[in-house]
Amino acid sequence: MEKVQVVLIMMVRVVFFLASIFLSVSSAKHSPSSVNVVSGIFIFGDSIFDAGNNHFNKNSTAQADFPPYGSTFFHYPTGRFTNGRTVADFISQFMGIDLQKPYLEAQIEVLNGSLKDYPSNGINFASAGSGVLQATNSDLGVTSLQEQLRQFQTLVEQNQVNKTLVQNSIFLFESGSNDIFSYFIPIDPPKLDPDAYVQAMLTQVSKFLDQIYKLGARRVSVFSLGPVGCVPARALLPGTPIDRCYGKMNAMVNKFNKGLESLVNDMPSKHRGVLSVYGAVYDIVQHFRATPTRYRFSDVSSACCGEGTLGGMIQCGKEGYGLCPNPNEFLFWDYFHPSERAYKLISKALWAGKKSRIRPLNLKTLVNISLPHV
């Protein structure tokens, strides 16, 4: 009988012990102090992400600050190179936070006193026309990736952005399309062969990723280039096929994208405490092009807004342009850039998509996962 009592007492103690562990784990899981709440986005890149930096850069001739840009959602031109929101905007909305201000706009407002501090929901540094190579489109007065990084570094080093915000934000990066398109412009062609050129691009991206880590980035999302050889603006290049995508250009894009994914995969072993993901935008867009009716696209080749062959000969909004009646049915808004609806579909795939779309984690998981403080 005494043995039975001893066993019962032991069992009760085990139950209480297990219950206490469960309660402590449960409370830690839901305790605000133990969960990193992602409340900001820092954005770097080109016109795919630019939310108006070039508009506030009066030296830049790469502009979309005139109608009908912005007409579908904002109902006025914001400097975004589409008819509405970009991928960065949609990700912000999926996270439930305000859209990020362009850095140059925020800087002006801080300097004139209309804004006390830099925004607490992140900042957009992207500049249309820029590339990962500093020389790309420098004659257009764009802000190079290297200068975007310096702008961010200055804010961090001067404590103008909170270091906790930096560690608890996601970093979005997309750039390289302008470098590769420029490679095929016959005026002053690059001296490097295609492989060496792509490697030079990847070297710059690697340096960029190392630097943002040193400055506090811990959640990094790198997006591949889309099929640059399929943009309507290829009609501007002599000898380029019109009835199909430009294979040589897409071959460089694919080589660059493969290198990008390798850089992303190497980040966690190279940098302690970082989570990095690769968004396969190329594959997402090619899926739209292969099965357009599934996504309710009536045209996946021509620009909704433009003129000439494929609508790719004149920039949207410039003299002589034409405009389609329903931008939602077009993959491309203008000669280079997707429509807002295409951006929304891409964003959904990146936010909650499977590993064929974004890997090893989707953005929804990335912004909700807890990270150790390093």
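Helix H8 (residues 194-214) and helix H9 (residues 247-270) cross at roughly 30°, and their axes come within 10 Å. H8 is therefore roughly parallel to H9, a class for angles under 35 degrees. The model is predicted; local features need pLDDT of at least 70, side-chain atom pairs count only at pLDDT 80 or more, and totals for chains, interfaces and linings use all residues. Residues are numbered from 1 along each chain, and side-chain values use heavy atoms, without hydrogens and water. Helices are DSSP runs (H or I, at least four residues) numbered from the N terminus. Axes are lines fitted to C-alpha atoms over the stretch in contact, with angles from 0 to 180 degrees between N-to-C directions.

Contact means heavy atoms within 4.5 Å. From H8, the residues that meet H9 include Tyr197, Met201, Leu202 and Leu209. Among their partners in H9 are Phe256, Leu260, Leu263 and Met267. This contact of H8 with H9 has 12 nonpolar, two polar and four charged residues. Ala, Val, Leu, Ile, Met, Phe, Trp, Tyr, Cys and Pro count as nonpolar, Asp, Glu, Lys and Arg as charged, and the others, Gly among them, as polar.

Helix H10 (residues 281-290) packs on helix H11 (residues 340-352) at about 130°, with axes 10 Å apart. Val281, Ile284, Val285 and Phe288 of H10 touch Ala342, Leu345, Ile346, Ala349 and Leu350 of H11. The residues of this contact are nine nonpolar, no polar and no charged.

Technical notes: Helix = DSSP H or I, 4+ residues; strand = E, 2+ residues; numbered from the N terminus. Parallel < 35°, antiparallel > 145°, perpendicular 65-115°, else oblique.
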